[in-house]
Amino acid sequence: MENFAFAPAYELPVWPFTPPPELNSTAVVRHPVVIVGAGPSGLTLACDLAQRGVRAVLLDEDDTVGVRGASSRGICYAQKSLEIFERLGIYERIAAKGVTWSFGRTFSGDEEVYNFNLQATSVSTQPPFINLQQFYIEWFLVDRILELGVTDLRWKSRVTHVEPLADGVRIDVETPAGSYTIEADHLIDATGANSPIRTQLGVASHASRSTDRWCISDVRFEKPLPTERWTWVDAPFNEGRGVWQHLMADGVWRIDYQMPEDCDPAEISRPEVAGARLREQLGPDVAFEFVWIGPYGYRDHLLERFRHGRVCFIGDAAHVVSPFGARGGNTGIQDAANLGWKLALVAQGQAGDALLDSYDAERRPAAQENLTVTSRSARFLAPRSPAEHTLRRAVVALAKRHTFARALVNTGRMSVANDYPVAPLLPEGARTVQNLPLHWADGRQTTLMQLLAEGTQCLGLWFAPTRAQAQAACDATAALPLRLLAVGGDSGLPTLQADETLARHLGIDPSVGGFVLVRPDAYRAALLAQATPDTIAAAVRTALALPASSP
Amino acid sequence: MITEPRIPDPDGFYAALLAAHEGRTEAQSADLNARLVLLLANQCADQAVLLACIDAAAEAEEDTSTTTTPIP
């Protein structure tokens, strides 16, 4: 029998536990924001707040990144997440380390039956996707948080109890040096799928578990393959079951094999058994070494509400979906970016408390949509009855001959920046604005994310206003967190060059003009065809849950 | 969903459908029907009509199962 080697273990960074001042004090200190859990969503939120100058305490029971060593968990980071990371200042590191891709192919047997090119609809500075082991994302976020120096990062700090108060939350924390109690105006639970806080508070997660079984082999080998997302509905080298093949950083491939439902997880993940599968796929002459082998089944859950008074749930603590389409980690990162600016503005008294309710009103439908989409993929990949097998056979057979059936082949629909429904703060609903490259009137380059990276304010992009309009609008919105910019024209405002791509992407008819309100999370909150100083001020007040007249 | 007759030669269509199933096992016939459904669905190309057709097909089966009298 062939012997299979494991690569040396990754050396992940470790950060020291520093005893916090509360340990030796009887006074209970109140913090504006306490985040529990230093995974992708908790770290993104802490970094987002730090970038805005908002001090948060981040508690994590571990002192490193990653889970179970090199187990990389999430690997695909979607454009919206990458744009967030650009705003937070870690995108360059991610792009340098990760694998950029936009093309996916799906096979049945040896035949290609579906493909997509996500670059075709992108106008962003960031690519549709970058693959990178999750622990690198967490690592870069921690480095950036430490660099910003605003966040109180507390490692080896386990939350043992939370107690909701009328105006905050009391939190008991256990550390290697003893226990202490703090209070928070707002507690953010980012402790992941098995959130102990959720359990302790008795918040139902409505979990369901799939019987579909998979086994990940993260493996390094010398065989030139395209850096595309390849999936097989029924791979000849995996007994006609599904296979995923995707490249990550450091030349490590994520190969994910669908297993029989009744398989023994210990047996299928033995290096000899996993190695035999790889040998079948790669052929006899390709040398490879394992980085990680892990069997798994997936589950899903979705909380009824993401905000419970002064406690908000983000990331896996709030929602878990099957892995098809990378809608787990990306959704958590985007939860954090949705909540960060809202917490900042509310904490600074520049927005109403109802703005925090909009976190639930926007992100819960997003999670619901992701649950629907991923459940459909999961069902295509693991038919539940003879009839479902028959229909899938029909789809695959037709897809080999006819393009229409290719649209039905579903090995995952990749994560998107979900649209937000019409709501009190979003009379038109909202959709993402990509990180467009832009030019100032004098030719200097900028991007939407650069414009949003300074402070916490909405952007008002106004196509060719007059000087009088611009001056009146500045007066009408002086007390509001709004940065007014002109697009073209001669208004006296800071002015971006008129750009057809920008206009089209924002939904503006360049021949008519108009005004677009972009929130700090780069979502379009309002489009005013006939903007006036009063309607602009009203749109900002609506978006920020401020009363109609000046407070 | 249109339920008025629209097939120009109903008997000819039905005969062709039967001919396509001739000599096939039950499983092969099920495969053929599934492919046919998908091809026809793409001709229709109207989501509301497709969903109405799925409902109508499911209802017709329920009617059959409740009205069938067992043969003694």
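Which residue in β27(A) is the bridge partner of W462(A)? In β27(A), that partner is F515(A).

## Ground rules

This is a predicted model, where local features need pLDDT of at least 70, side-chain atom pairs count only at pLDDT 80 or more, and totals for chains, interfaces and linings use all residues. Residues are numbered from 1 along each chain as its sequence is written, while chains are lettered from A and ligands numbered from 1 in the order in which they are written.

Start with β24(A), residues 458-463; strands here are DSSP E runs of at least two residues, and helices H or I runs of at least four, numbered from the N terminus. Five of the six residues in β24(A) are buried, so the strand is largely enclosed by the rest of the structure (buried means 20 or more other C-beta atoms, placed from the backbone, within 10 Å of the residue's own).

On one pairing (at least two DSSP bridges between two strands), β24(A) runs parallel to β25(A), residues 482-487, with six bridges. There, W462(A) sits opposite A486(A). Another pairing, with β27(A), residues 514-518, is antiparallel and has five bridges.

## Helix α12 and its partner

How do two packed helices get described? By the angle between their axes and the distance between the axes. For α12(A) and α14(A) (residues 533-543), that's about 35 degrees and 8 Å, using lines fitted to C-alpha atoms over the stretch in contact, with angles from 0 to 180 degrees between N-to-C directions.

Where they meet, α12(A) brings Q469(A), A472(A), A473(A) and A476(A), and α14(A) brings P533(A), D534(A), I536(A) and A537(A) (contact means C-beta atoms, placed from the backbone, within 7 Å).

Notes:
A residue is buried if 20 or more other C-beta atoms lie within 10 Å of its own, exposed if 12 or fewer, and partly exposed in between; C-beta atoms are placed from the backbone. Two residues are in contact if their C-beta atoms, placed from the backbone, lie within 7 Å.
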